[in-house]
Amino acid sequence: MIRKIVTIMCVSALLLTMAPALAVDNGPDPLNWAELTAWASSLEALAAGEELLNDPAEPEFLTEDGYLYSYDFGNLYFSEPAPSETRVLKGAVIYDEDITGPRETHTDQPARELLAAYYTENEDLEGTREEALIYLADGMPEGFWWGRVQRDGQRLTAVQYTVHERCGDGTYTDAGVVYTLQENTVVAVRVFGLDERVETEELGVERALLAPLLMQSSYRQVPSSPVGAENTPFDEDDLTVLDLDFLSCTPEIACAVLGMPEADEEMPGEEGQTLRVLSFTGCTLVFARKTDGQWQLTLLTLEDEDLEGPRAIRVGDSVTMVLQRFRFGEGELQESGTEVLYGTPGEGQWGEAEYGEDASVTLRYGLTLSDGRTVVLRADFETLLLREINLYLNP
């Protein structure tokens, strides 16, 4: 029971750390050079009152980013190993959540809150599965500014905001901030390029590389919220998985979309029913022969981290990431460790969570179809990480 309580407390704590949804308008302006340098000056002043943990003059502390000055809150990179009138701050990396980056951003900050602090022209983060352009503000010859996310599907790994503004000598700044994320939460804030300058021609190359991202819309972030009432219940729109319609999929369609299966077997099922099991890399489809002789998909199992299930949930996702894509928070936690997330289990649209004494979690989301059958999405977790996804049909 103690492990069960710990599991529940971990999930609750993770939920509370998440921020409100992104604003519906474009929000603040793009990051600019004036605010970036103002932040850099304040950080340099802060560091002056902190204990320096290393000797920047030692050979091992000369890096490609500059001379490393190490502090409890993070690292600063200067052009010289000792204070002088000519020494300039080149960049910094912040790990301490109490030390804010530009726009009061900080480590341990949810991605949605971070994104809301900056300008956006792409709230849904439409792009590819690997990246999406947040904005590209072209004001040449005065400069251009852009923001981009890098990701592994729904898991954001980095958010970058870059500033190119014209300097007095005709060159342009080449600076910005990169946020490193894990579990869609900021774990490091890195400011770079405070002393870097580039020529107009280099900006032209950069713009040419970024421009194609504006045309990408094959992948987007799935809506999610730490406020359960803001999320929608599991519904029929969630029944398309791997480009297959769960209700109408046949073995022929599955093979046309997924390719030839590694195994295709028939076996007896309950009540004399014949089952056909198609095994593909990372997923298994089980069909049952209906009375009219046609095959009905009754179970789809995903075990590969590269494959996305309903609302793009994947093996390896945390409990929090999955919970926040569906409605929750409408029921109470029972002594048995079961919690109704919404609705009444077994009726209409419903969701429930089951917390095990071994720190496991099982989430179930049900949907009653118009013909009375029920489709259930089941997500099984070990140590708060998703291990298997099952979508199945109850007669």
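How far apart are the mean positions of the positive and negative charges of the protein? The 26 positive and 73 negative charges have mean positions 5 Å apart. Here Lys and Arg count as positive and Asp and Glu as negative, while His and the chain ends are not counted. Each charge is placed at NZ of Lys, CZ of Arg, CG of Asp or CD of Glu.

A quick word on what you're looking at: this is a predicted model, in which local features need pLDDT of at least 70 and side-chain atom pairs count only at pLDDT 80 or more, while totals for chains, interfaces and linings use all residues. Residues are numbered from 1 along each chain as its sequence is written, and side-chain values use heavy atoms, with hydrogens and water left out.

**The whole protein**

There are six helices and 22 strands; these are DSSP runs (H or I of at least four residues for helices, E of at least two for strands), numbered from the N terminus. Here are some overall values:

| Property | Value |
|---|---|
| Span of the C-alpha trace along its principal axes | about 85 × 50 × 40 Å |
| Accessible surface (Shrake-Rupley method, 1.4 Å probe) | about 19000 Å² |
| Share of that surface from carbon and sulfur atoms | 50% |
| Buried share of the 395 residues | 48% |

"Buried" means under 20% relative accessible area, with exposed over 50% and partly exposed in between (1.4 Å probe, protein chains only).

**Inside the cores**

A nonpolar core is a set of buried Ala, Val, Leu, Ile, Met, Phe, Trp, Tyr and Cys residues joined through side-chain atoms within 4.5 Å. The largest one has 42 residues, and F234, L285, L363, Y365 and L391 have the most contacts inside it. Apart from it lies another core, this one of 40 residues, including Y118 and I134.

Let's zoom in on F234. Setting aside neighbours within four places in sequence, F234 is in contact (heavy atoms within 4.5 Å) with residues including P310, Y342, Y365 and L391.

V241, in strand β12 (residues 240-241), counts as buried because its relative accessibility is 2%. Beyond its neighbours within four places in sequence, V241 is in contact with L300, L302, E308, G309, P310 and L391.

**A hairpin to look at**

Strands β14 (residues 263-268) and β15 (residues 274-280) run antiparallel and are joined by six bridges; strands pair if DSSP finds at least two bridges between them. P268 stands opposite T274 in β15. Five residues sit between the strands of this hairpin, where E271 takes a positive phi near 55°.
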